[in-house]
Every structure is written in structure tokens, then in C-alpha cells.
Amino acid sequence: MSDDAIRLVTIGRMLHRRGRLLTVLVVLGALTGFGASLVFPPRYTTSASVLLPGAWEERVLLTQAEIATSTVVTDRTAEELGWAGVDGEELRERVRAEVTDGNIVKISGTAESPAKAQRLSDELARQFVTFSARIVDETADPTATAGPDQLRQMVLTTSRRITELADAADPGQTVESVQTRTELAKLRTALQEAVGKLSQADSNAAGSRLVVMGPAARPTGEAPPSRVQLIAAGAVLFFLLAVVGHLTAARVNRRLRSEREIAAALGSGLLGGVDVSARRGAHRPERGGARHRFRRLLGLDTPWNAPAPPAAGDEASLGIRYRRVCGRIRDLVPGARRLLLVVPDDDGIALRAAERLAEEAGGDPLLRLTEVSPEAPLVPDREEESGVLVVLGAGTRTAAELAGVAEACADAGHDVVGVVLADAVRTRPGRSAGPPREAAAPALALGDGARGGAR
């Protein structure tokens, strides 16, 4: 995969060719989320609202919200609730308070059951109101909180005294009348100050009366993350990890696709390329153990980012390329009676190409097929073979794997005389226009333990 931007067609091809694997991973992620929901029990959350009457500054409201979740309030709440093993410190992690519109502090509590969550929110709101009122009472001005009744009594007394003096005052311009009117003015001033203090005391008293706006509602659903959310999150997470993993693996893919690079890695020359029909499937049902069957079940046996097989002629036209390769083999190794065909055991396209190549050779030379593991290749020792032909699917092997195959051939005493590349194509049904070829004797020699020795 090149460094070009990832296109939607790339994602679509991956979803199409890795659909079974992605489905398995999504199910596995959902099961993981379900297991996480069993480890973390469900939680329920509800809220109680506390109204702060009067005019409040924003910073004061924020202070009240901090007081609602303070250590003093949570400790008193834990003491009143009396839940086993739950103290004020743990309650602080379960509660929160926030200021909303209209001078309302919203207090939320989370617990293991709806009833406990409701009780926690109600008790926390009650303790908050009590503690806030206590703070106001302790910090109030003593002169301003002398008592509304005393202030009102002072107002009444002053009003009566003003009335008495007004009745006794001389309406003339004598010294006594002037003094009387002066004293009346002083009394009126004192009366106004008393009325002002009374209003201030009433305002402070009203501000300290926080109101709980009804009990908290009993929650009807789990608090996030719920079990359904955990299951969905697990499925989505595994799906995204699979997609990112596929794209990353494709971008760092180091498998060789160039014919020159493949031939150089094997230390030999390229004899040509052959095509294999993709209609019949790339695998034989009798091949492979549990690992191969598992890979085939999940669709891992073919690369997902390989381009779609191109269109080609019919089966008969494909045979022309095989016969041409066989002719090049005879010209390259004249007089050779046997050659060893080395094929990776997980490359179904190359295996089918090698079988047909041995068939088209018609026993001249006799091609002996052996399958090797790309991770740890082991080639049978040389017997009567004149060399090795390596058959590969294009873009299926890295340089290190090909170097390992070349070393295994040299270790067994074989020389790599050529490389044949196989590609999958889409063919159309048809007949060859040439005369029918004579039935050739079976040219595929497996040898004693050829397949077993390759593993």
C-alpha cells in the first residue's frame, strides 16, 4: 500500500474481504464490554434542587455549590445515612453540585440502587441548607441582626414621641419652638435609620433561608456508562482497532511485487508468469491443518488489499503461457530429467500454478513438487534433480522469506534455476481452437515424503 491518502474504496474493499474477521472481532468486543459491565455494577443518579432566594452574585453562587460538596456536608450526610463502609470521603466521589439558571444549585448523588440514590440526594440537600444557614448566622453583623422585633418596637416608640412633641410644640417663632422642631428632625432621622436597619435585617434573613425544591426523583435508568453502552463501546472499539490495524499493516507491508526484486532475492532469473483462474477458488479442501482451516474460515488466506483479479481469456488460452514457460525451462536446463518445484505451503495460487505447470510439462522434464513453510523452509536433499524452480504468487512474500527459501535450497544442495510468478485472473468459459492435446502421463511426482519433509 502506497503513502497516498486512504480512499473510501480501500475501506470498502477491506470491509468486503475481511467481513467475517471484522464480525468476529465485533462480537468479541461486545463480549468484552459485557464482561466489563459485570465487573462494574450498575449505578443510578438523581438530583435535588435548592433555591437561593434574593439577589446573588455569580461568585457567591459558585461558593454555595462548593459548600454543597464540602467535607463538612458530606461527613454529616454519611453520618445521617449510616451506610456500612461508606464515609464522607467516599460520598464526595459520588456527589456533585452545579449552579443552574434562576439561582438554583442542583445537587446530584450516585448510588447502587434507585432508592439509595434518591435518599443520598435528599439528605445531602438538607444538610447543605442547614450548614449554609448556620454559616450566615455566625457571620452576620450583630447590630444588623439585633432582632426584627426590637427594631420595630424602636420605630413605634419613636413615632409616638414625635407625635407628642408635635402636639406640644409652639407654632410661633420662639426659641423653644425652634428647639422642638430641631429635636423632631433628629427623631425622624433616627426613625429612618431604624427602618433601614430593619430592611437590611429582613434581607439577610431572607437570603439565609435556602429552600429545597421538593424531593429528588427516583431514577428509572442506569447512569452512564450503562451495560448497553459498555457493550456497544466494546464492539465499536474492537472494530476501529481492526480497521486501523489493517490499514497500518498494509502501509508497512514489505512484500515484494516487482519481478526484478523477487528474482534478485532468490538469486535467480525470472522464467515468466502464469495465470490461475480465480473462479475455482485458491485452495484445495484436503490441504492444511487446523491453522489453515481457521485462516480460510476468517478469510485470512488471501490479502485484502490486493487488486481485483483482471479479466483474461478462457482456460485453454491460459495453457499457452504454461507451455511457453515449459519451453523456457527446457532451453534453460537442456537434458534435465527432473526438477524440483518449491512452493510456499500457504500460497494456494502458486500451488495450483505448480500443479498445472507439471501437467503441461508432460514429463519433459519431470517436475517433483514440494511445499515448504515460509517461516522455516526445509527442502528435501538433492537426489536426481538438476535444480529448483520456485513458484510464487505475486506480492505474497517478503525479501527475508525469499532469502530463507534460497538458503534452504542451497543447504539441500540445490541450485535455483528459475522463478515462476503466478497471478489470479477471471476467465470466461470457452474452447481452444487448436487440436486436442494428447493425454500426458501424470507428470506430478510427489516423491517419498516430499510433502511431509517440507513441513
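Predicted model: local features only at pLDDT ≥ 70, side-chain atom pairs only at ≥ 80, totals over all residues.
In soluble globular proteins, nonpolar side chains tend to be buried together. Here, the largest nonpolar core comprises 27 residues, and Leu-341, Leu-357, Leu-367, Leu-389 and Val-391 are those with the most contacts inside it. At least two residues of this core come from each of strand 5 (270–277), helix 12 (315–332), strand 6 (338–344), helix 13 (348–361), strand 7 (366–372), strand 8 (388–393) and strand 9 (416–425). Helix 13 is the element that gives the most, with 8 residues.

Turning to the surface, a patch of negative charge is formed by Asp-75, Glu-79, Asp-87, Glu-89 and Glu-93. Two elements, helix 4 (71–81) and helix 5 (88–94), each give two or more residues to this patch. Asp-87 sits in the loop that lies between helix 4 and helix 5. The relative accessibility of Asp-87 is 44%, so this residue counts as partly exposed.

The backbone also has a few details worth a look. The peptide bond from Pro-224 to Pro-225 is cis, with omega near 0°, and Pro-225 belongs to the loop between strand 4 (211–212) and helix 9 (227–251). A cis peptide bond, with omega near 0°, also runs from Asp-364 to Pro-365; Pro-365 is in the loop between helix 13 and strand 7. Finally, Asn-103, a residue other than glycine, has a positive phi near 55°. The loop between strand 2 (95–100) and strand 3 (104–111) holds Asn-103.

Definitions and conventions:
Residues numbered from 1 in each chain as written. Heavy atoms only, no water. Patch = residues over 30% accessible without salt bridge, like charges linked within 9 Å, V, L, I, M, F, W, Y side chains within 5 Å. Areas by Shrake-Rupley, 256 points an atom, 1.4 Å probe, with all protein chains shown as cover. Salt bridge = Lys/Arg side-chain N within 4 Å of Asp/Glu carboxyl O. Lys, Arg positive; Asp, Glu negative; His and termini not counted. Charge placed at Lys NZ, Arg CZ, Asp CG, Glu CD. Helix = DSSP H or I, 4+ residues; strand = E, 2+ residues; numbered from the N terminus. Buried < 20%, exposed > 50% of the residue type's maximum accessible area, 1.4 Å probe, protein only. Core = buried A, V, L, I, M, F, W, Y, C linked by side-chain atoms within 4.5 Å.
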